[in-house]
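Morning, everyone. Please have a look at the structure on the screen, and then I will walk you through it.

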2 protein chains.
Amino acid sequence: MTELAARLAAIEPFRVMALLARARELEAAGRSIVHMEIGEPDFESPAAVVAAGIDALQRGRTHYTPAAGLPALRESIASYYAHRYGVDVPPSRILITPGASGALLLAMAALINPGAKVMHTDPGYPCNRNFVRLFDAEPVSVRLDAADGFRLDVQRLREAWQPGIRVLILASPSNPTGAVLDAGTLREIAAFAHKRGATVIMDEIYHGLVYGEPAPTMLACTDEALVINSFSKYFGMTGWRLGWLVAPQAMIPGLDRLAQNIFLAAPTMAQYAACAVFKADTLAQLEERREVLRQRRDFLVPALRDIGFGIDADPQGAFYAYADCSHFSDDSQALCERLLEDVGVAITPGLDFGAHQASRFVRFAWTTGMAQLEEGVRRLREALS
Amino acid sequence: MTELAARLAAIEPFRVMALLARARELEAAGRSIVHMEIGEPDFESPAAVVAAGIDALQRGRTHYTPAAGLPALRESIASYYAHRYGVDVPPSRILITPGASGALLLAMAALINPGAKVMHTDPGYPCNRNFVRLFDAEPVSVRLDAADGFRLDVQRLREAWQPGIRVLILASPSNPTGAVLDAGTLREIAAFAHKRGATVIMDEIYHGLVYGEPAPTMLACTDEALVINSFSKYFGMTGWRLGWLVAPQAMIPGLDRLAQNIFLAAPTMAQYAACAVFKADTLAQLEERREVLRQRRDFLVPALRDIGFGIDADPQGAFYAYADCSHFSDDSQALCERLLEDVGVAITPGLDFGAHQASRFVRFAWTTGMAQLEEGVRRLREALS
């Protein structure tokens, strides 16, 4: 029997994977399933992106790029920051990565020593705490509550802080809550971390997907944070596996060395294709998609409240509602299983996002079309009333 | 100033990257450079692969696949093992990864605890020792010598072994030496490791690129090893970033969990495209390319010997010769710099592959066309005679 690394035991499976597998089983047996568990919208990649990908293949763009990515793509991202956010981020601070996952891996590898403490939000993106465990460090959580719209602030951070925390990882907009942090809060968090010698890793992969004021970027508040972004969500390029990392200039040589060793380079045709997302008509198409997602949110959230789910604040970004299901069950995992088996509705149990009140919450995703959402709501009403 | 993880200081830059950057500078200034430093052949991806990639994009295959990869691709690889090697590897033991890099990352993450010892060959693939450092473990080297054709055997392993070694990582064919291990040696190494409770990670990414007897796979010798392979080298798909990992069945759930967290999934269109490599006419085309590479080797190796480089045994696989340059210099790094500046020939210094006699060796790659190789040899003669 092969002796495994200790970290493997600490890395939990996602509960939703078992549910998804069961959903596929039921579908294979002829059952209809409404998928509100999947963190990937039903849209295809924008036509211009697909066309640019095909063009890259036809031109034989199938060789390695530099580890840091295509210079033209790094420049396009810099220019996007200038035009959309009014912040000056030189291309030299931008590294192209295989998905935001590659960016998270680089950031964590560069910052986390074994045994260090890393603060993350609970609830939060499930992979974060597992990346911390990958580097044999200790995840420490700061709890977020529905009553505050699941928004992190300095007061909460101060109360949960412990000596020895070296890194703080947070997201805006947030998965699973859709909470968006304002610029004042970002600045306060950056100053708080700076004072304690901790580095902020800021996950901005749902940027662009906001329904009120645009989400401010941490890059406008500090040059010391590492900011992760992705072509997957707003830009509609999930399967291409492409993201980026913005880091302090002084860290770039070390991060580039890590990238050369860990993944060599991001996929080449994806990098050429991504250059097309910044065209005016592609961006216009992405804004139309955001409107479609907003309409779905505006239908789903009130309907869920009407059924009896607790959603205190409207989710401001991403495509998720983190809903209190304690009116129906004190075991959200069991509720998810029951809803799948009884009425064919797939949602994600709170346990995937942390431990804090996890058995009271479930996540709904509006990543499927309106007709499916309406059918899902009808089935939920049938099962729960 | 951001506080960095200690491992970052231990991860060295590749010497060849500075040389490559200088070569690009010289080229931008109008100089002609013969590239014999690059580990990527000049061939484009096979036409059927490109066509399958385009088809996947046109069909909207731009969403995530399962973390373990497309079932059809896992089945194709299993069937390839059955037909090409006569070994029975069930698809359930095969995980599709973002490049062989993703497979190495999974394997190391699953096996290496901080502080553990991991044995690797010197010379060997430079990223191996850096992956060991990524997980805060200690690389321990076993030295290989030109007189033995740089082939590892159990005798050498026994002499270099230390208590506490948990993992042995080796490659056949080898980068940078082109050495191929026979089935008897693989079996002895597997038995040696098994007896000591160590796990073998076997890098087979240059499989298919052999010029004598086909290289045997470790999978024919033991079910306990982790075997890494890639669509990059033999299959001509470098920029697509696609590889695979074969692991013992009992490790698959843990590895799948790691994959879900670390990279979510390999690029989707690359996975669809890779299904086309196993077609008979694509395999025939790849065999023709192997013949082209053989002709390049058969020209280059004798020519280098004639100039005065020491290459004891003909490289049996990959597309590299690891050549003794002590006839010209006792500082291979300085020699590489001088050859680049003086006659525009780019090769890789031994230091990138380890410490053992590194200042006496350089690596030549026959990844460029015959005309370029002839020109390179002419320039080397001019500079060194």
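First, some ground rules. This is a predicted model, where local features need pLDDT of at least 70, side-chain atom pairs count only at pLDDT 80 or more, and totals for chains, interfaces and linings use all residues. Residues are numbered from 1 along each chain as its sequence is written, while chains are lettered from A and ligands numbered from 1 in the order in which they are written.

Now the domains. Chain A is assigned domain 1, residues 7-44 + 282-384, and domain 2, residues 47-278. The bounds come from an automatic or database domain assignment. Over C-alpha atoms, the centres of these two domains of chain A are 25 Å apart. Their contact involves 33 residues of domain 1 of chain A and 38 residues of domain 2 of chain A. Contact here puts the C-beta atoms of two residues, placed from the backbone, within 7 Å.

What supplies the largest share of the domain 1 side in chain A? Helix 11 of chain A does, with seven residues. Helix 11 spans 280-307; helix 1 (7-10) and strand 9 (320-324) of chain A also supply at least two residues each. Helices (H or I, at least four residues) and strands (E, at least two) are DSSP runs, numbered from the N terminus.

On to the sheet. Chain A has an open sheet of seven strands, in the order 2-8-7-6-5-3-4, with mixed pairing. Strands pair if DSSP finds at least two bridges between them. Strand 2 (94-97) and strand 4 (138-143) of chain A are at the edges with a single partner strand each, so one side of each has no neighbour in the sheet. From one strand to the next, the twist averages 20 degrees. Strand 3 of chain A, residues 117-122, runs parallel to strand 4 of chain A, and six bridges join them. In that pair, Asp122(A) is opposite Arg143(A) in strand 4 of chain A.

Notes
Axes are lines fitted to C-alpha atoms, for helices over the stretch in contact, and angles run from 0 to 180 degrees between N-to-C directions.
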